[in-house]
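Biologist: I'd like to learn how to read a model like this one, feature by feature. Can you walk me through it?

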Amino acid sequence: MAAPGENLRINGDRLWDSLMEMAKIGPGIAGGNNRQTLTDEDAEGRALFQKWCEDAGCTMGVDEMGNMFARREGTDPDALPVYVGSHLDTQPTGGKYDGVLGVLGGLEVLRSLNDLGIQTKHPVVVVNWTNEEGTRFAPAMLASGVFAGRHDLQWAYDREDAQGKKFGDELDRIGWKGDEKVGDRKMHAFFELHIEQGPILEAEGKDIGVVTHGQGLRWIECTVTGKESHTGSTPMHMRKNAGRGLALITELVHEIAMSRQPNAVGAIGHVDVYPNSRNIIPGKVVFTIDFRTPNLDKLNGMVDELYQRAPQLCEEIGVTFEAKLVGQFDPPAFDEKCVGAIRDAAERLGYSHMDIVSGAGHDACWINDVAPTAMVMCPCVDGLSHNEAEEISKDWATAGADVLFHAVVETAEIVS
């Protein structure tokens, strides 16, 4: 297939203006965003995205998980579409670019095709995947997981948030539950643009990360149970302190990951302490461990070691340990042809680039199961993400979207 000429570029100013406009919806308290999935703010962001897509001449489809699909027709009605996109939902204290850059970068591809009068053989579809973050309804990448057959639809509907509200009920409430069966769509290819969410590209002075693999992930929800008692009147040797169990396991998680370097990480990110009173020794602590590595043997080994050692550590201090897996995916290797299209685009456009492994999970990791898939990344300042201080430059966003544009257009095949 013919490659697009290097003079074909997206409109960086328009992309940036769209990012800033979307960021006005669900503003955070420190310059970022709180637009959690299936909230009123999420609904408002979806409505703006739909308006922009319809203004660009696209038709919008919505499936039973609330996934949004904006379609620009191709010249061949029988050709499978090239999909591009990411997610619009954010962390409670999220940034303006995580996920959003990929969705609005995809929209910018459509707008630029219109500007340049380019027709493609394959339709191009921009997608907004529901609940990528998984912060309100675990697990992460929930809707793309249903799409790819990793999760059952009813199981997804039954996921509950911290207030006991169910995913399916909240999807109904905000009015974004579509009629289209999840996973019925067939894809020619899928591309996702994302900020790196790590420090490597900035440290190496590279404009573009060509993502060859993703990290595998295991989320393990743990419960340490002791006995609530008065902090002042309970002798030290008689305490059953669940908080102490948390402390020991925190160090264990660090030790397990460090013993498997390089390219293995682990941490405890979410903790609930009960009863969470300053003068009561904790009787129960519930927390989630996040293990990640692109090596499947390492990943399984980290989980096995945790399950072996954590109960023993807790038993020694008089508390009990329970654990269950609440999120997982194996390390994906992205499609070589799609990865090559991204690498060639960066080279053709003159952007510095390097191969990289994604440190975070993305919808592309699930879609990789059902369609040829690849990702392009741009740097972010200090590698900071899942933080309101998350920042990128307009030039970085433009470079990433330019590479995305070329990879998508080459794969969709220019007709005129």
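Biologist: In which hand does H10 pass H12?

Modeller: The crossing of H10 over H12 is right-handed. Keep in mind that this is a predicted model. Helix H10 covers residues 336–349 and helix H12 covers residues 394–412. Their axes are 8 Å apart.

Biologist: What is the angle between H10 and H12, and what do we call that arrangement of H10 and H12?

Modeller: They pack at about 125°. Angles of 65 to 115 degrees count as roughly perpendicular and those over 145 as roughly antiparallel, so H10 and H12 end up as oblique to each other.

Biologist: Which residues make the contact?

Modeller: On the H10 side, click on Ala341, Ile342, Ala345, Ala346, Arg348 and Leu349. From H12 come Asp402, Val403, His406, Ala407, Glu410 and Thr411.

Biologist: On to sheets. How do I read one?

Modeller: The general idea is that strands of a sheet pair through backbone hydrogen bonds, either parallel or antiparallel. Here, 4 strands make an open sheet in the order E9-E11-E7-E12, with antiparallel pairing. E9 and E12 are the edge strands, each pairing on one side only. Neighbouring strands in this sheet are turned by 20° against each other on average, direction ignored.

Biologist: How many bridges link E7 to E11, and how many link E7 to E12?

Modeller: E7 runs antiparallel to E11 over 10 bridges, and antiparallel to E12 over 9 bridges. To find your place, look for threonine 225 opposite lysine 284 in E11. For the E12 side, arginine 218 sits opposite glutamine 328. E9 and E11 are also antiparallel, over 9 bridges, and there valine 273 has valine 285 of E11 as its bridge partner.

Biologist: Is strand E7 mostly covered or mostly open?

Modeller: Mostly covered: 8 of the 10 residues in E7, which spans 216–225, are buried. Now look for helix H8, which lies across E7, E9, E11 and E12 and runs at about 5° to E11.

Biologist: What should I look for in the backbone itself?

Modeller: Most residues other than glycine have a negative phi, and most peptide bonds are trans. Exceptions deserve a look. Leucine 38 has phi near 60°, a positive value, and belongs to the loop between helix H1 (12–22) and helix H2 (40–55). Asparagine 276 is another positive case, with phi near 65°, in the loop between E9 and strand E10 (280–281).

Biologist: Are leucine 38 and asparagine 276 buried or exposed?

Modeller: One of each. The cut-off for buried is under 20% relative accessible area; leucine 38 has 0%, so leucine 38 is buried. Exposed means over 50%; asparagine 276 has 63%, so asparagine 276 is exposed.

Technical notes:
Residues are numbered from 1 along each chain as its sequence is written. This is a predicted model: local features need pLDDT of at least 70, side-chain atom pairs count only at pLDDT 80 or more; totals for chains, interfaces and linings use all residues. Side-chain values use heavy atoms; hydrogens and water are left out. Buried means under 20% relative accessible area, exposed over 50%, partly exposed in between (1.4 Å probe, protein chains only). Helices (H or I, at least four residues) and strands (E, at least two) are DSSP runs, numbered from the N terminus. Two strands pair if DSSP finds at least two bridges between them. Axes are lines fitted to C-alpha atoms, for helices over the stretch in contact, and angles run from 0 to 180 degrees between N-to-C directions. Contact means heavy atoms within 4.5 Å. Angles under 35 degrees count as roughly parallel, over 145 as roughly antiparallel, 65 to 115 as roughly perpendicular and the rest as oblique. A crossing is left-handed if the near helix is turned anticlockwise from the far one by less than a right angle, and right-handed if clockwise.
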